[in-house]
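Biologist: Can you put the model up? I'd like to go through it with you.
Modeller: Here it comes.

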Amino acid sequence: MFEGSNNVMRNKLIIFDLDGTLVDTIEGIGFSMNKVLQNHGFPVHTIEAYRRFVGNGLRSLAKTVLPQNHRDDETIDLCYKEMLEVYSQFYSRGISLYPGIEDMLDRLTGEGYAIGINTNKDQRITEYIVKEFLGKWKFVKVIGDEGGYPKKPNPEAALAIAAEGGFKPYESVYVGDSEVDYKTAQAAGMKPVSVLWGFRSREELIKLNPKGVIETPDEIFNKINP
């Protein structure tokens, strides 16, 4: 078992973001959102551009990708609803676990750590992805958008995961690839770890969380109980 210097495992719960942290989902997101935009005659965006757009949920994504003169509530809501429908068909397009994630999760659970997922992705699609690509591991709780909690960076969902497993915030580590995840960790009173293989730039994350970044999944063990 991975132990701290006082011979007691200090951090016991590891909460993960989903997109850009455990699973590379950007192709399916970009492809689906572009189909919605095309259906309405709006300009589309590159898959690379979507790396900057995601992180705050699909309704926020719909607002971000629409032309500025079409960001009225009616159009946003329409495109968001269409995105849910289209993305439910194409969420697995190009999807994969990031290299090293499987070994990391095996080791974490094998050494007695509890794990959870907190994402701003739609709850229903989140559950599809977890079942299909992460079904090997048991999570304390999986909370997405529309899962009954406010979206991140509001900490309520993260705290609910901790409570479900019987953990205190200071016993928990929050792992993600964006400023949203970092702010969520801070608001929840959890230790933030930022991954450099996701959807945000290295420069942005190092500036945000200089002592808490990791380049590969196995490095998380250096951050859990340093």
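Modeller: The largest cavity has a volume of about 220 Å³. A cavity is a set of points, on a 1 Å grid over the protein atoms alone, where a 1.4 Å probe fits but cannot get out. The volume is the space filled by probe spheres set on the points, which are joined across faces, edges and corners.

Biologist: What should I know about the model itself?
Modeller: This is a predicted model, where local features need pLDDT of at least 70 and side-chain atom pairs pLDDT 80 or more, while totals for chains, interfaces and linings use all residues. Residues are numbered from 1 along each chain, and side-chain values use heavy atoms, without hydrogens and water.

Biologist: Which element gives the most to that lining?
Modeller: Strand 4, with three residues. Strands are DSSP runs of E, at least two residues, and helices are H or I, at least four, numbered from the N terminus.

Biologist: New topic. Is Lys-152 buried or exposed?
Modeller: Buried, at 4% relative accessible area. Buried means under 20%, with a 1.4 Å probe and protein chains only.

Biologist: Which side chain does Lys-152 join in a polar contact?
Modeller: That of Asp-181, at 2.7 Å. A polar contact is a pair of N or O atoms within 3.5 Å; within protein, one must be able to donate a hydrogen and the other to accept it, and residues adjacent in sequence count only if both atoms are side-chain atoms.

Biologist: And where is Lys-152?
Modeller: In the loop between strand 5 and helix 7 (156-165).

Key. On a 1 Å grid over the protein atoms alone, a cavity is a set of points where a 1.4 Å probe fits but cannot get out, and a pocket is an open set with protein on both sides within 12 Å along at least five of seven lines; lining residues have an atom within 4 Å of a point. Buried means under 20% relative accessible area, exposed over 50%, partly exposed in between (1.4 Å probe, protein chains only).
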